[in-house]
Amino acid sequence: MTDPSTPPPTGRADAPGRPANSPENPWPVRSIAVKVAQWIDRLGSVWVEGQITQINLRPGARTAFLVLRDPAADMSLSLTCESDLLRASAAPLQEGSRVVVYGKLSYFTGRGTISLRVTEIRPVGIGELLARIERLKALLAAEGLFDPRLKRPIPFLPKAIGLITGRASAAERDVLTVAQGRWPAVRFEVRNTAVQGPTAVPQILEALAELDRDPEVEVIVLARGGGSVEDLLPFSDETLCRAIVAATTPIVSAIGHEPDNPIADYVADLRAATPTDAAKRIVPDAAAELALVRELRDRSAAALRGWVDREARALTQVRSRPVLAEPLRLLDQRYDEAERLRTAARRAVDQIVTTQSTATRHLREKLTAVGPAATLARGYAVVQRVSGKERHVIRTVADSPPGTQLRIRVADGAVSAAALGSQSLTTDRPPQKESPDERR
């Protein structure tokens, strides 16, 4: 089935053999009117909910004319019905009544208007309204919109307070009078809107958005006096509740009296029992604050005097102690102890130096007795063969043939000589090779 809301292509021919729609072949008004009527007729019968804002029921007329408005948006729909249908309603219908109607849309080609022809009207009773409010409350609670962690703090002394309330209402008078009596310099940005009926929610939303954009406004108050469930119904509207949560400015709900609890009380940052209570909770009392300042100043002065007295007593006690009465006594005691420790340390160092000096002397004497210098001092010599820069110790006569350059080391120096000849003490002893360790 074709969607009745979908317009036809502009180039489609109106009928077989007829030229396509174009600037050269436009459709007449009657064709458009008939097509619109056909499309709307495809919608069929529907159930619609809203609030009655206007009833036109003339005496003797068979047809009644009504206007049904959406409670959360600035939209309305014209209704027509039999006069007997209004008269036979179980509950009297009046402007502001919440109803559910059943009917079929009709497009009047002569005037180009749309109307819903109603064949059944059901007033929404108090019980059903309360049930819907409870269902909406459960839904918003499940989404976490009642979470205390989302509540924004109310400033101590706002620059400006936004007030949304009815024009010349008791709620407006209570808030302004109480707030100005508590703090005369308080400043308000008042927005008067409808606070009940089908136009309340759109107007409140507009005022709320305007005040939320104002940088001077630091808190917004929704205020209204008490009323019936139907009167307070706009403050349980889902659109308004979500707008309160989305606002960046803290919002105070002061709707009705203490027993009244619209859903706006749960999503607002602060719930006040009455408009008067809201003024008391957002505006500090100047007289009470001045009295508190005086009290705190007196308490601070008393605390300061007490602290000075305690410190003076402590200073007197410290000054009377022996360490301050005779400050050099402790230094004298420490000086004697330091002298004793220094004498003991010097004695210990001298003893260690003497012991180590004696041990060093003994070791030196031992090394001298067993060293080569002592052997040379007893008349021995070390004879070396000189070959260029190399020197080799001569161990046998075979190591020094005649003409060999010799170096003879004695106790106090060395003598250069040359071998004139050799004489062997044993003829059968083989010559020994010089080890690498004996070369110098």
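Student: What makes the crossing of helix 4 and helix 8 right-handed?

Tutor: A crossing is right-handed if the near helix is turned clockwise from the far one by less than a right angle, and left-handed if anticlockwise. In this predicted model, the crossing of helix 4 and helix 8 is right-handed. Helices are DSSP runs of H or I with at least four residues, and strands are runs of E with at least two, numbered from the N terminus.

Student: Why are helix 4 and helix 8 called roughly parallel?

Tutor: Helix 4 (residues 170-182) and helix 8 (residues 275-282) pack at about 30°, with axes 8 Å apart. Angles under 35 degrees count as roughly parallel, over 145 as roughly antiparallel, 65 to 115 as roughly perpendicular and the rest as oblique. Helix 4 and helix 8 are therefore roughly parallel.

Student: Which residues make the contact?

Tutor: Contact means heavy atoms within 4.5 Å. Helix 4 contributes Ala 171, Asp 174, Val 175, Val 178, Ala 179 and Arg 182, and helix 8 contributes Pro 275, Thr 276, Ala 279 and Lys 280.

Student: How do you know whether the chain is spread out or a compact globule?

Tutor: The chain has twelve helices and 14 strands. The globule rule, 2.2 Å times the number of residues to the power 0.38, is set against the radius of gyration over C-alpha atoms. The rule gives 22 Å for 440 residues, and the chain has 59 Å, so the chain is more spread out than a compact globule.

Student: What is the mean pLDDT of the chain?

Tutor: pLDDT is the predictor's confidence in each residue, from 0 to 100. The chain's mean is 83, and 91% of its residues reach 70 or more. Local features need pLDDT of at least 70, and side-chain atom pairs count only at 80 or more, while totals for chains, interfaces and linings use all residues. Residues are numbered from 1 along each chain as its sequence is written, and side-chain values use heavy atoms, leaving out hydrogens and water.

Technical notes: Axes are lines fitted to C-alpha atoms, for helices over the stretch in contact, and angles run from 0 to 180 degrees between N-to-C directions.
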